[in-house]
Amino acid sequence: MKLVNKDSLRNSGISRDKKSLSVYIHIPFCRKRCGYCDFNTYAGLDHLLEKYVDSVIQEIAIFSPLYNSDHIVQTIYFGGGTPTIMPVLFFTKIINAISNHFYVDEVREISSEGNPTGLNVDYLSGLYDAGINRLSIGVQTIVKKELEILGRSQNPEDVLRSVMNARNAGFNNISLDLIYGIPTQTLRSFELSVESALSLKPQHLSIYGLSLEPSTPLAKKIREGYIPEVDEDLAGDMYEWVMDRMHMMSFKQYEISNWALKDTEMDFRSSHNLQYWKNRNYLGIGAGAHSYIDNRRWSNTKLIQNYVESITDEKPCFNFGHAAIAEHKLLSKMDIIKETMMMGLRLTEEGVNIEDFGERFSLKIEDVYSDQIRKLMALELIESKSVNQSKILRLTKRGRMVGNQVFLEFI
């Protein structure tokens, strides 16, 4: 896998004792908003894109004095929305801003999400040359009726074309997103979508159960009876089937909804998302972006225009009470412990490392959660294993089926 050109990014030459930092760049622009989407995204505001990118670059500079001395950027992730709505030049400007304002030493991964429409070879080659080395493409389903229910504008043929174009552009770390539990979806149609995705030989698959927020157009149509409700039992069958199928196809399930191709030389897990699941530091830049660094959590104002105006008006002396920050909280030690447990148990292979937990919090995990661990182990929802000479707690296969119920035990 191609890594970012060290000549184009500032290599600090600093010691390895700095804390790793992941940077998330939120691009809340879309050509069309999907009917199931509850993310902070907007359609029809492309005229604000250039100003928005300028504000993103300015926000990067604002946070630099706070965190560049003791953190080192190791992953960058462009999410949305649809980041690939941007010209390649905007990616380059943002990546250069990060390298100019933060310590960047051998960045492992620079990812971008993208829809399978409009990803031609020239554009993808530009992204690759700009330093993007991982591409995450939103497939969701290959069945036209299901695409229509989701409000997706793509055709099934677009997926094949975009993956071929990505490979021709140089990408060899491609992730595809799928959804199960779509109204009208059958086990057979879900199987066809998975097999179609596998036939494209991706290095990674993210397969999520459809989550419907009440405010979305799709949820409204279901409430009004225009579209049938999601069959939860059938969705469970789909998840159980895909766990077995992916194992047969040499994909390792390393997180509840994520599978990486087994490879002796390359690790195709999402390094950026692992930072979240291990409850480590990340800086979110852009409208509605969330951040967590040390014991501080905050999120930005959501509306694009409000974000642009607040960043433009920001004075050089930064504080967490300024207009761009919508929410801000200092976390207690117990807050961080709870989140570490809930996020760590999502990792189906690594789970929560008991020794690491003790070192991080100066507490034995049994002293905090003895009752919960005993209960969940008796129900065969979690298990204690020795992996690489370390003792871990992780979900059983049965526990993966009811993961949210397990996580609630640690709140």
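A residue is called buried when its relative accessible area is under 20%. The views below show a predicted model.

Figure 1. Glu 146 belongs to helix H4, which spans residues 144-150. The side chain of Glu 146 does make a polar contact of 2.7 Å with the side chain of Ser 189. Apart from neighbours within four places in sequence, the residues in contact with Glu 146 are Thr 141, Ile 182, Thr 184, Gln 185, Thr 186 and Ser 189.

**Figure 2. Tyr 276 in helix H9.** Helix H9 covers residues 271-277. The side chains of Tyr 276 and His 272 are joined by a polar contact of 2.6 Å. When neighbours within four places in sequence are set aside, Tyr 276 is in contact with Tyr 24, Tyr 282 and Met 343. Tyr 292 stands 16 residues from Tyr 276 in sequence, and their C-alpha atoms are 9.1 Å apart.

**Figure 3. The salt bridge between Glu 350 and Arg 269.** The N to O distance between these side chains is 2.5 Å. Glu 350 lies in the loop between helix H11 (333-344) and strand E15 (352-353), and Arg 269 in the loop between strand E10 (258-261) and H9, so the pair ties together parts that are 81 residues apart in sequence. Glu 350 is partly exposed, at 30% relative accessibility, and Arg 269 is also partly exposed, at 22%.

**Figure 4. The salt bridge between Lys 375 and Glu 409.** The closest N and O atoms of this pair are 2.9 Å apart. Lys 375 is in helix H13 (residues 365-378) and Glu 409 in the segment after helix H15 (403-408), so that distant parts of the chain, 34 residues apart, are linked. Lys 375 is partly exposed, at 41% relative accessibility, as is Glu 409, at 24%.

**Figure 5. The salt bridge between Arg 394 and Glu 383.** Here the closest N and O atoms lie 2.9 Å apart. Arg 394 is in strand E17 (residues 390-395) and Glu 383 in strand E16 (residues 382-387), so the bridge ties together parts 11 residues apart in sequence. Arg 394 counts as buried, at 15% relative accessibility, whereas Glu 383 is partly exposed, at 22%. The whole structure contains 16 salt bridges.

Conventions:
Residues numbered from 1 in each chain as written. Predicted model: local features only at pLDDT ≥ 70, side-chain atom pairs only at ≥ 80, totals over all residues. Heavy atoms only, no water. Helix = DSSP H or I, 4+ residues; strand = E, 2+ residues; numbered from the N terminus. Polar contact = N/O pair within 3.5 Å; in protein donor to acceptor, adjacent residues only side chain to side chain. Contact = heavy atoms within 4.5 Å. Salt bridge = Lys/Arg side-chain N within 4 Å of Asp/Glu carboxyl O. Buried < 20%, exposed > 50% of the residue type's maximum accessible area, 1.4 Å probe, protein only.
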